[in-house]
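Student: I've just been handed a new structure. Can we walk through it together?
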Amino acid sequence: MTFHILITDPLSEEGIYPLRQAENLAITIATDLSKEALLETIKDVDALLVRSQTQVTREVIEAGKNLKIIGRAGVGVDNIDLDAATENGIIVVNAPDGNTNSAAEHTIAMMTALARKIPQAFNALKNGVWDRKTYIGVELKNKTLGVIGLGRIGAEVAARAKGQRMNVIAYDPFLTEEKAKKMGIDFGTVDDVIQAADFITVHTPLLKETRHLLNEEAFYKMKDGVQIINCARGGIIDEDALYNAIVSGKVAGAALDVFETEPFIDHPLLTLPEVIATPHLGASTVEAQESVAVDVSNDVVSFFKGEAVRNPVNLPSVSKEVLAKIAPFFDLAEKLGTFLSRKTDETIVEVNIKYAGELANYDVRALTRNTVKGILKRNFGSHVNDVNAKYLAERFDIKVNEHKTTTSKGFLHLITVEVHTAGSVHRVAGTLLNGLGPRIVKVDDYVVDVVPEGHLLFIKHKDQPGAIGRVGTLLAEKNINIATMQVGRTTIGGEAIMMLTIDNHVEQEEMEDLTELADIYEVRAIDL
Ligand SMILES: NC(=O)C1=CN([C@@H]2O[C@H](COP(=O)(O)OP(=O)(O)OC[C@H]3O[C@@H](n4cnc5c(N)ncnc54)[C@H](O)[C@@H]3O)[C@@H](O)[C@H]2O)C=CC1
Ligand SMILES: O=C(O)C(=O)COP(=O)(O)O
């Protein structure tokens, strides 16, 4: 099967080498598509690869009927409607590490150019003006750099600023005193940072909480003559407030690489001599572009091989070590979910998944998603996947609870899944037997030993001589061959179960007449 990859922003040709190497991928590069053309082209595409330019809106995502993965060759995913992707079961991957260095270097370059007015002086010179008075700058040495957002890029910028003999003060919700100490920087609140700094640089994503983080009120609190740098995202700074703060003389200058609306060409900010700007070039180096394109291409290749991706954005990422421990249980978890969803026709309102034994030591959210996927397949078929399982459960008001206990009687690991409907509770437990593979070991209160595979018949009956024989005879009359059979009961003469594996698929309706046999209460045909 060939998967169609559409690339709509310029990516490094060297970087997409992994895509070119894969035999089952057909690549189309179309970097100047109009919105209408994109909506048309996306229809037949399995993977979309972008940078920051292409606006991957809900409309685009919904038009991508075959779309399975969106790759962002870079960090920021604010041009991608993540909710729409998740709801439609489309995984989004990015390349968070590949452009860190370039963005940090660009930030330092912008700060230096700003401090020494290099672009303005160069402009004058280009226009034939030799002016050594207007372009007097300030030193960076001994000045304080305020860093808001000390993630990958912010931390690199802080380290480089120290090399410039600057003092650094930072704010990040994840920054602790200990970590700051280790880095040789101060830490404080946003207010501490903006009040102490001579230069302020922002390195957060654009989120609800960071939108207009630097606004009129914030500028008011800053030192007179402060200089501002934004190489992260337009919108973190309120551009109108920045304009006013520069015109009023409060802010001495600003270096901007990113803007609230891009392309940014006729904004009043660009008319101010105190403002220097680049057209979103933070990641535009040969090295960064190759690196981010390689990372995102590798993830796309892995995805179409059915392997785990390294940098999922709308799925929690799982470390290699944890993945190695939990991956063998993926299939079992899904099958336990499928089993229960076929064991009842009633609407499921709650799912409780209990991980007992060694598994309880790991992040098992991926297993929970697989279980929920198995449960929801009854309603959503192939539309439900790892990405949207949680979303679909929430949308249909199905409560999903995860429980863990490191003690497990008899089994090294045990996954017990329980579903509640309005009037009943159904339970199944499974494990992986060393060297033997997956087993269902309990259904409701009955102990069994069934390989969760193929075509099963789950039968509830009275524990009475003849019940099993009558089932066997009727199945023989229907020419249905029994491959394996297990029985279980809790009390002699009470309710009991049979778990049969049969050779072929049968429809539930074909099995209804089994319930007319004496002592047979319920029959469920379940394909796993
Ligand atoms: N100009 C350009 O071409 C480029 C821009 N970027 C942008 O730079 C930004 C930072 O990228 P990375 O460092 O790779 O991301 P990152 O995820 O490593 O770091 C972001 C940091 O911001 C912090 N943060 C979140 N909310 C915050 C808040 N309310 N206040 C303070 N800190 C907060 C997070 O805790 C995190 O440590 C992103 O917006 C990214 O899109 C990245 C690469 C190139
Ligand atoms: O990685 C990021 O967040 C960037 O802003 C880089 O954007 P670009 O890939 O150069 O369009």
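Tutor: We'll take the whole chain, then the ligands, then some single residues. Keep in mind that this is a predicted model.

Student: How many helices and strands does the protein chain have?
Tutor: There are 17 helices and 22 strands.

Student: What percentage of the residues count as buried?
Tutor: Of the 528 residues, 41% do. As for contacts, take those between residues at least 6 apart in sequence. Of these, 64% join residues at least 24 apart.

Student: Which domains is it divided into?
Tutor: Domain 1 covers 3-97 + 287-304, domain 2 covers 100-277, and domain 3 covers 320-527.

Student: How far apart are the centres of domain 1 and domain 3?
Tutor: They are separated by 38 Å, taken over C-alpha atoms. The contact between these two domains takes 6 residues from domain 1 and 6 residues from domain 3. On the domain 1 side, the touching residues are 2 nonpolar, 3 polar and 1 charged.

Student: Switching to ligands. Which residues come nearest to ligand 1?
Tutor: Gly-76, Gly-149, Gly-151, Ile-153 and Gly-282 do, out of 32 residues around ligand 1.

Student: Which domains does that shell draw on?
Tutor: Domain 1 and domain 2 each give at least three residues to the shell around ligand 1. Among the helices, α5 (100-116) and α7 (152-163) each supply at least two. The largest share is from α7, with 3 residues.

Student: How does the shell around ligand 1 divide into nonpolar, polar and charged?
Tutor: It has 15 nonpolar, 12 polar and 5 charged residues.

Student: What surrounds ligand 2?
Tutor: Its neighbours are Arg-51, Ser-52, Gln-53, Gly-74, Val-75, Gly-76, Asn-99, His-280, Gly-282, Ala-283 and Ser-284. By class, the shell around ligand 2 holds 2 nonpolar, 8 polar and 1 charged residues. Gly-76 and Gly-282 are in this list, and they are also among the residues that come nearest to ligand 1.

Student: Back to α5. Why is α5 called largely enclosed?
Tutor: Because 12 of its 17 residues are buried. Those include Thr-100, Ser-102, His-106, Met-110 and Leu-114.

Student: What should α5 span?
Tutor: At 1.5 Å a residue, its 17 residues should span 24 Å. The end C-alpha atoms of α5 are 24 Å apart, so the two agree.

Student: What comes just after α5?
Tutor: Lys-117, and it takes a positive phi of about 55 degrees. For background, most residues other than glycine have a negative phi.

Student: Which other residues have a positive phi without being glycine?
Tutor: Asp-397 is one, with phi of about 55 degrees. Asp-397 is in the loop between α16 (389-395) and β14 (399-405). Asp-519 is another, with phi near 70 degrees. Asp-519 is in the loop between β21 (495-502) and β22 (520-527).

Student: Is Asp-397 buried or exposed?
Tutor: Exposed, because Asp-397 has 9 C-beta neighbours inside 10 Å, and the cut-off for exposed is 12 or fewer. Asp-519 has 16 other C-beta atoms within 10 Å, so that residue is partly exposed.

Student: Where is the cis peptide bond?
Tutor: It joins Glu-262 and Pro-263, with omega about -5 degrees. Pro-263 is in the loop between β11 (251-256) and β12 (275-277).

Student: Last one, Ile-80. Where is it found?
Tutor: Ile-80 is in the loop between β4 (69-72) and α4 (82-87).

Student: Is Ile-80 buried or exposed?
Tutor: Buried, because Ile-80 has 25 C-beta neighbours inside 10 Å. Leaving out residues up to four places away in sequence, Ile-80 touches Val-56, Ile-70, Arg-72, Ala-85 and Val-92.

Student: And how far is Ile-80 from Gln-55?
Tutor: The two are 25 residues apart in sequence. In space they are 6.3 Å apart, C-alpha to C-alpha.

Technical notes:
Residues are numbered from 1 along each chain as its sequence is written. Chains are lettered from A and ligands numbered from 1 in the order in which they are written. This is a predicted model: local features need pLDDT of at least 70, side-chain atom pairs count only at pLDDT 80 or more; totals for chains, interfaces and linings use all residues. A residue is near a molecule or strand if its C-beta atom, placed from the backbone, lies within 6 Å of it. Helices (H or I, at least four residues) and strands (E, at least two) are DSSP runs, numbered from the N terminus. Ala, Val, Leu, Ile, Met, Phe, Trp, Tyr, Cys and Pro count as nonpolar, Asp, Glu, Lys and Arg as charged, and the others, Gly among them, as polar. Domain bounds come from an automatic or database domain assignment. The expected span of a helix is 1.5 Å times one less than its number of residues. A residue is buried if 20 or more other C-beta atoms lie within 10 Å of its own, exposed if 12 or fewer, and partly exposed in between; C-beta atoms are placed from the backbone. Two residues are in contact if their C-beta atoms, placed from the backbone, lie within 7 Å.
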